Structures are given as structure tokens and as C-alpha cells.
Amino acid sequence: MDQLSGKQIENFANSFFSQSQHLSSEEDLNQLISDFDADLLCSQMESLSVDQLVKFLRASHGYYLTKKLPEIEQSLAHIVNKFGSSHSLLAGLAVYFNNYKKKLVKHIRMEEEMFFPFIETLAKAQEGKFTKKELELLLKNTTVEDFEDNHDSVEDELREVGQIIREYAAKSDAIFPFSVFLNQVSLFEYELRKHAVIEDMVLVKKVVELEKELRENLAA
Ligand SMILES: [Fe+2]
Ligand SMILES: [Fe+2]
């Protein structure tokens, strides 16, 4: 893929996520999730440059924060309002979800404020925009290994939210409000999984190479 502008990357991110936007049934959703192929996703994303990947991931973060999380919260609030008096532990679930959300937002913020700027700086260095001294200083203080990720815990906790709600749904006669919420959580789990694969298996792999190359150039 040639260099894309910010707007084009945003459109690309939107179309990337829209594949899973209009699923008509739970079976479609389950199918989509079971068809997930990390290797295929990696090969689709590999042609993007480090800069483009970062733009894409930033656009995805925006989509989670402004669209996906508010939608899930709204459904959860609906369930709690409707069934909270008969299922007192549902209020606890809302607290649990809120804590989960805080962790996810913290994770995203760390990537936006520290990890991605580091990567963008390395990409600039590769274009020769820094002096040898500046590059030395940058690489002396930071390495991509400092950003060892904790995607597993972010995913596990969301899965737990789904499990708790599934137990409630099994006990309730009113399945529909639960199933809307459950589908949203499952879809979000799926999207975060893809996002983590792109970060860990495509972006980090490229950045490790880039950093190695820059360190070798410095040593030469
Ligand atoms: Fe991310
Ligand atoms: Fe991440």
C-alpha cells in the first residue's frame, strides 16, 4: 500500500471494522469469531509501513473510546436499570466493567502517549531526521522491549464480564437485553484481539527490526 493520508487511514480503519458491524445473528458473530485467522490478518497488514500502522491503531483507539465502549456501557446501564432490583449483583458487574474500562483506557493512553511516539521517533530517525548524537540518546534511554504488552489481561477481564452476564442470562426469562449486551461484548473482544495481534505480531515485529537496524548503524 502506498503512503496513505490521515483521512485515508481513518477510512481504512472504519471499513476494517465495519465488516463486523452489521451481523444479523449470534451465529454470524460466532462464525466470524471462529473464522479468525491471525496469520491471514498479519499478512493483510504487513504491507503497511510503521507510520501507517500507528495511524491505523490510533484511529482504532478513537473508535473504541468514542463508539464501542459507550455503546456497551449504554446496554449495561439498560440491563442494570431493568433487572438491578431483582439481581442485586448486577450493580457489582457495572462496577467491574467500569474498572475494566479504566484499565483499557489507561492501556490505550500509555500507547498513545509513550509507545507510539517512540515508534514515530524511530521512523523519523530512519529517514535521517536526527543527528547521531540525538539517536544515541534516544536509544540509550528507551527500547521497544520497555513496552512489553499486557494484552492478555485486558482480554481476559473483558471475557470475564461476558461470562458473568452469561450466568445471569441463563437464570433470566428476559433473554433479549442480555443477548444484545453479550453480542456487543463478544464483538468487542474479537476486535480487541485483532487489534492486539496487529500490535504484537505486525507492529512490534517491524519496530524490533527498525530498532536493530538503527542500533547497528550507530555502532558502524
Ligand atoms: Fe492499542
Ligand atoms: Fe495494546
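## Burial and overall make-up

Of the 220 residues of the protein chain, 19% count as buried. A buried residue has 20 or more other C-beta atoms within 10 Å of its own, an exposed one 12 or fewer, and a partly exposed one falls in between, with C-beta atoms placed from the backbone. This is a predicted model: local features need pLDDT of at least 70, side-chain atom pairs count only at pLDDT 80 or more, and totals for chains, interfaces and linings use all residues. Residues are numbered from 1 along each chain as its sequence is written, while chains are lettered from A and ligands numbered from 1 in the order in which they are written.

The chain has eight helices and zero strands. Helices (H or I, at least four residues) and strands (E, at least two) are DSSP runs, numbered from the N terminus. Among contacts between residues at least 6 apart in sequence, 81% join residues at least 24 apart. Contact requires C-beta atoms, placed from the backbone, within 7 Å.

The largest nonpolar core has 17 residues. Such a core is a set of buried Ala, Val, Leu, Ile, Met, Phe, Trp, Tyr and Cys residues joined through C-beta atoms within 7 Å. L53, I119 and I198 have the most contacts inside the largest core. The elements giving it two or more residues are α4 (50-83), α5 (89-126) and α8 (176-219). Helix α5 supplies the largest share, five residues.

I198 touches L41, M45, L53, L57 and L203, not counting residues up to four places away in sequence. Apart from this core lies another, of 13 residues, including I72, L76, F97 and V161.

F56 is found in α4. It counts as buried, with 22 C-beta neighbours inside 10 Å. F56 and I198 are 142 residues apart in sequence, yet 9.9 Å apart in space, C-alpha to C-alpha.

## Packing of α4 on α5

Two packed helices are described by the angle between their axes and the distance between the axes. The axes of α4 and α5 come within 11 Å and cross at roughly 170°. That makes α4 roughly antiparallel to α5. Axes are lines fitted to C-alpha atoms, for helices over the stretch in contact, with angles from 0 to 180 degrees between N-to-C directions. Angles over 145 degrees count as roughly antiparallel.

Helix α7 covers residues 151-171. At 1.5 Å a residue, its 21 residues should span 30 Å, and its end C-alpha atoms are 31 Å apart, which agrees. The expected span is 1.5 Å times one less than the number of residues.

The buried residues of α7 are L158, V161 and I165. They fall within an arc of 45° seen down the axis, so they line one face of the helix. The arc is that of the directions from the helix axis to the C-beta atoms. The face turned away carries exposed residues, among them D152, R159, Q163 and K171.

Y100 is found in α5. It is partly exposed, with 17 other C-beta atoms within 10 Å. Y100 touches E157, L158 and V161, leaving out residues up to four places away in sequence.

## L139 in α6

L139 sits in α6 (residues 132-141). With 15 C-beta neighbours inside 10 Å, L139 counts as partly exposed. Leaving aside neighbours within four places in sequence, L139 is in contact with L214, R215 and L218. L139 and L214 are 75 residues apart in sequence and 8.7 Å apart in space, C-alpha to C-alpha.

Definitions and conventions:
Contact = placed C-beta atoms within 7 Å. Parallel < 35°, antiparallel > 145°, perpendicular 65-115°, else oblique.
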